[in-house]
Amino acid sequence: MPPAAAPEELITALQILASKERVNRLRRLSLSSRWGDWRDRARLCVENLMRPAAIPVGGGLLAALLLFSMLAPIYAVHDRRGVADVPTALATGPSLESSLSFGLGADDIVIDVLVDDQGRMMDYAIVPGQGWGLDPELRRCIEKTLLCTKFVPATMFGQPKSARLRITLRGDEVEVKG
């Protein structure tokens, strides 16, 4: 029988396979060629992975930064140490509605008064450091003055509540600090 001729495709396929094997052997010859081969493969892998994801990832990061920069000022912590507190109508302190004076002296008399939720005096305390606290007659005059005094009770969310206030009695004048 005559020798069979190899098909043309087989010859081309064997030449390609031999060429690839030669390149693989050259890559393994030295450490620098192995390093270069690994670097080339890694770069190709990263490029193949990143190109399809680059636009969606970039757009997502840009959108996240934009939204964060718009919402960040809402949640910022503000330093309020130097700013005076703005009173609201949610809570009010007790106040003096009317008072009578029963022969109080010319000296300042400072007392703390506890007012209940009906606006009545429940208790009082003498602020320490005043000499008049030992005078029983002056003390009776102060008690009469306090019993005849009408108070407006403190409120919290519109509901009356008991609270303490400081009163300074000066002869015919009354100063209230709630």
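The following dialogue discusses a predicted model of a protein.

Local features need pLDDT of at least 70 and side-chain atom pairs count only at pLDDT 80 or more, while totals for chains, interfaces and linings use all residues. Residues are numbered from 1 along each chain as its sequence is written, and side-chain values use heavy atoms, with hydrogens and water left out.

Colleague: What percentage of the residues in the protein is buried?

Modeller: Buried means under 20% relative accessible area, exposed over 50%, and partly exposed in between (1.4 Å probe, protein chains only). The protein has 178 residues, and the buried share of them is 18%.

Colleague: Where does Phe157 lie, given its positive phi?

Modeller: Most residues other than glycine have a negative phi. Phe157 is not a glycine, yet its phi is positive, about 55°. Its relative accessible area of 60% makes Phe157 exposed. Phe157 lies in the loop between β6 (154-156) and β7 (159-161).

Colleague: Is Ile74 buried or exposed?

Modeller: Ile74 is in the loop between α2 (31-71) and β1 (91-92). The relative accessibility of Ile74 is 59%, so Ile74 counts as exposed.

Colleague: What percentage of contacts between residues at least 6 apart in sequence joins residues at least 24 apart?

Modeller: Contact means heavy atoms within 4.5 Å. Among the contacts in the protein between residues at least 6 apart, the share joining residues at least 24 apart is 62%.

Note on methods:
Helices (H or I, at least four residues) and strands (E, at least two) are DSSP runs, numbered from the N terminus.
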